[in-house]
Amino acid sequence: MADSRPAAAPPRNDGWHLTSPVALTLLLLVMVVAQGPLRGALSAPVMQSWTTVFVAVVVQALPFLVLGVLLSAALAVFVPPSFFARALPSRPALAVPVAGLAGAVLPGCECASVPVAGALVRRGVTPSAALAFLLSAPAINPIVLTATAVAFPHDPKMVLARFAASLLVACAMGWLWQRLGRADWLRPSARAHDEGLSRGAAFWGSVRHDVMHAGGFLVVGAMAAATLKALAPASWLRTAAGNPLVAVVALAALAVLLSICSEADAFVAASLSQFSLTARLVFLVVGPMIDLKLFALQAGAFGRGFALRFAPATLALAVLGSVLTGAVLL
Amino acid sequence: MNRQAQAAVLFLVGGALLHAGATDLYLRYVKAGLRPMLLVSGAVLVVTALMTVWLDRRRAGGNATLDEAAPPNQTPAAPDNAPPPPNQAPAAPGDRPSPPEATRAEPRNAPSLTEAEQADPRAAPPPPKEPPTHREPRVAWLLLLPLFALILVAPPALGSYSAVRSGTALQPPYGYASLPPGDPLRLSVVDYATRAIYDHGRTVAGRRVQVTGFVALAGDGTPYLVRMALNCCAADAQPVKIALTGRVPPVLEPDTWLRVTGVYTARRTRDPVNDGPIPYLEVMAAQPVPTPADPYDESWNQ
């Protein structure tokens with residue numbers, strides 16, 4: 001290992017760094033050359049429909065993603081994290097709901113809220129409050145709520161229900177952590193992301209990183225959504241939608257598996273029109289709090305031991321909280 | 001993926017969004033109202049790509065002299081390198097500028113960072129594991145897929161395949177707009193179907209109507225004239241169907257766009273997929289037309 005590194009070093013850092021532009025160029029060339037056969041392979045109706053939905057989800061979500069990334073980069077660069085520590089009440093029990101509500105003013109999707117929550121913990125914010133923020137911010141900020149309102153033009157109550165259920169679950173998780181959480185489960189990585197940068201460089205670096213990172217995961221979600229839309233027989237979803245209990249479980253599982261960005265998930269939920277509004281509320285509350293992508297991000301930011309305990313508890317509380325809210329509001 | 005490649009991908013994706021938004025291409029995938037956001041976000045991505053390249057070049061050009069410019073490039077690496085110097089040591093010879101800059105960046109940090117750095121030794125094990133996965137978002141390579149799909153393939157709007165698999169999405173209307181005079185009366189598929197089903201054809205009976213949609217054939221061979229109704233993007237598009245009877249063209253190719261002139265008939269049927277109501281239209285003449293610029297029915301957005 002130590003021998004191979006210097007051998008590979010002289011060109012530059014290591015092989016991967018050097019080759020990615022070359023790999024990109026080669027890939028682009030291959031795709032342009034192979035576009036004829038590629039179009040042929042995609043001309044079957046099912047593949048065409050898959051590709052259309054895939055492109056549609058990405059094209060529709062990217063502007064929202066870019067907007068969220070711009071705002072979160074601006075906040076991350078121009079609002080000092082210490083501001084949040086000062087703004088929060090010193091009593092943890094009070095800090096939890098305040099931090100949960102503060103999530104409403106940090107626009108961005110869950111990919112953005114994980115690093116911010118990590119930074120909050122490093123800056124001395126009590127972990128329960130930071131976790132409430134982590135869970136609420138992706139679900140109740142204006143961009144996501146606006147997207148929800150646009151996606152459910154005939155059900156404005158959906159916006160209120162999403163806001164209430166997400167805030168409820170986020171605070172419940174914060175208080176739960178305060179009672180049961182142990183400091184040694186939480187191992188925030190000591191990454192000081194933007195320190196030492198000029199503000200412009202930090203801003204554009206944050207935008208670039210977040211678009212690339214979140215955009216990649218968005219593609220994963222779009223592929224899953226397109227597969228579901230193009231392949232899953234309508235009867236399968238109709239069967240699941242028929243039984244209220246199965247519907248809730250099915251959409252909770254779908255939210256975890258699809259890992260759609262919270263800025264785009266309302267549109268997918270709107271398309272699941274066979275399901276009851278409560279089941280779709282479960283989808284909208286669970287998705288921004290815990291999914292495969294978030295689990296990976298949380299394990300990276302706080303440690304695997306934390307993620308393994310935090311994720312199942314979040315899932316259970318999110319399902320419970322949104323079913324209760326749905327029963328009251330929808 | 002390194003910063004150069006990322007800048008290239010950002011540039012291409014931004015360019016693709018601009019291309020889709022500047023032409024009618026985007027109408028195959030999303031609602032018309034998204035155009036301004038598409039253009040703005042495409043421009044932002046292009047600017048981000050240019051800024052990335054510019055900041056890198058400034059850093060490369062003024063490495064020794066420009067103190068301001070040096071950290072930007074190194075910082076993603078610097079905090080990663082800073083906590084575990086022993087682990088990174090083997091890489092240092094090949095990465096000569098890094099160590100001095102990493103050490104230079106540290107003293108400049110805000111006092112609050114020192115807390116984080118003090119906390120760091122306690123949590124020493126995780127950082128070396130985490131940064132490598134975070135520094136190069138490999139998942140970003142996937143961004144090439146929608147780029148290829150949009151630029152090289154440019155799939156058509158959803159058609160008969162999706163229409164036959166989903167049930168008709170006809171909904172009771174809030175009300176009926178009064179119809180203009182004229183013959184034939186031009187109606188959208190959704191408008192005709194709504195009036196035929198929920199108003200029992202009162203406003204359209206006795207008039208020649210003209211509707212445009214694409215052909216889809218049900219499992220039993222019934223020809224439908226369909227328009228996909230869209231709320232936001234093609235993922236939520238749902239079909240609204242009219243069944244054709246009367247002088248239907250003998251050969252109907254699915255996905256052909258037709259302008260059908262006909263009259264209202266009280267006959268109706270049920271969608272085999274979701275049991276939704278489907279009205280019939282008594283066809284007098286049908287004429288192939290090119291795919292409209294906006295293939296979806298967006299009347300539900302208004």
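Helix 11 of chain A covers residues 199-231, and at 1.5 Å a residue its 33 residues should span 48 Å; the end C-alpha atoms are 47 Å apart, which agrees. Most of helix 11 of chain A is covered, with 26 of its 33 residues buried. These values, like those that follow, belong to a predicted model.

## Chain A

Chain A contains 17 helices and zero strands. Of its 330 residues, 57% are buried. Among the contacts in chain A between residues at least 6 apart in sequence, 84% join residues at least 24 apart.

Helix 13 of chain A, residues 244-258, has 15 residues, which at 1.5 Å each should span 21 Å; its end C-alpha atoms are 21 Å apart, so the two values agree. The buried residues of helix 13 of chain A are A:Ala247, A:Val248, A:Ala250, A:Leu251, A:Ala252, A:Leu254, A:Ala255, A:Val256 and A:Leu258.

| Helix pair of chain A | Distance between axes | Crossing angle |
|---|---|---|
| Helix 9 (residues 142-151) and helix 10 (residues 157-180) | within 8 Å | roughly 145 degrees |
| Helix 15 (residues 277-289) and helix 17 (residues 304-329) | 9 Å | about 145 degrees |

The crossing of helix 9 and helix 10 of chain A is right-handed. On the side of helix 9 of chain A, the contact is made by A:Leu145, A:Thr148 and A:Ala149, and on the side of helix 10 of chain A by A:Met158, A:Val159, A:Arg162 and A:Phe163. By class, the residues of this contact between helix 9 and helix 10 of chain A are five nonpolar, one polar and one charged.

Helix 15 and helix 17 of chain A also have a right-handed crossing. Helix 15 of chain A contributes A:Leu277, A:Thr278, A:Leu281, A:Val282, A:Val285, A:Val286 and A:Met289 to the contact. These residues meet A:Thr314, A:Leu315, A:Ala318, A:Val319, A:Gly321, A:Ser322, A:Val323, A:Thr325, A:Gly326 and A:Ala327 of helix 17 of chain A. The contact of helix 15 with helix 17 of chain A has eleven nonpolar and six polar residues, and no charged ones.

One residue of chain A may be followed individually. A:Ala117 lies in helix 7 of chain A, which comprises residues 110-122. A:Ala117 counts as buried because 27 C-beta neighbours lie inside 10 Å, and a residue is buried if it has 20 or more. When neighbours within four places in sequence are left aside, A:Ala117 is in contact with A:Ala130, A:Leu131, A:Phe133 and A:Leu134. From A:Ala117 to A:Arg179 the separation is 62 residues in sequence and 19 Å in space, C-alpha to C-alpha.

## Chain B

The secondary structure of chain B consists of eleven helices and seven strands. Chain B has 302 residues, of which 44% are buried. Of the contacts in chain B with a separation of 6 or more, 70% are between residues 24 or more positions apart.

Chain B is divided into domain 1, residues 3-153, and domain 2, residues 160-301. Eight residues of domain 1 of chain B are in contact with nine residues of domain 2 of chain B. On the side of domain 1 of chain B that touches domain 2, the residues are four nonpolar, one polar and three charged.

Most residues other than glycine have a negative phi, and most peptide bonds are trans. B:Ala154, which is not a glycine, has a positive phi of about 45 degrees. B:Ala154 is placed in the loop between helix 9 (144-153) and helix 10 of chain B. B:Ala154 counts as partly exposed because it has 17 C-beta neighbours inside 10 Å.

B:His200 likewise is not a glycine and has a positive phi, of about 50 degrees. The loop that holds B:His200 runs between helix 11 (189-198) and strand 2 (208-217) of chain B. With 14 other C-beta atoms within 10 Å, B:His200 is partly exposed.

The peptide bond from B:Asp183 to B:Pro184 is cis, with omega near -5 degrees. B:Pro184 lies in the loop between helix 10 (160-165) and strand 1 (185-186) of chain B.

Conventions. Residues numbered from 1 in each chain as written. Chains lettered and ligands numbered in written order. Predicted model: local features only at pLDDT ≥ 70, side-chain atom pairs only at ≥ 80, totals over all residues. Domains from an automatic or database assignment. Contact = placed C-beta atoms within 7 Å. Nonpolar A, V, L, I, M, F, W, Y, C, P; charged D, E, K, R; others polar. Axes fitted to C-alpha atoms, helices over the stretch in contact; angles between N-to-C directions. Helix = DSSP H or I, 4+ residues; strand = E, 2+ residues; numbered from the N terminus. Left-handed = near helix turned anticlockwise from the far one by under 90°. Buried ≥ 20, exposed ≤ 12 C-beta atoms within 10 Å, placed from the backbone. Expected span 1.5 Å × (residues − 1).
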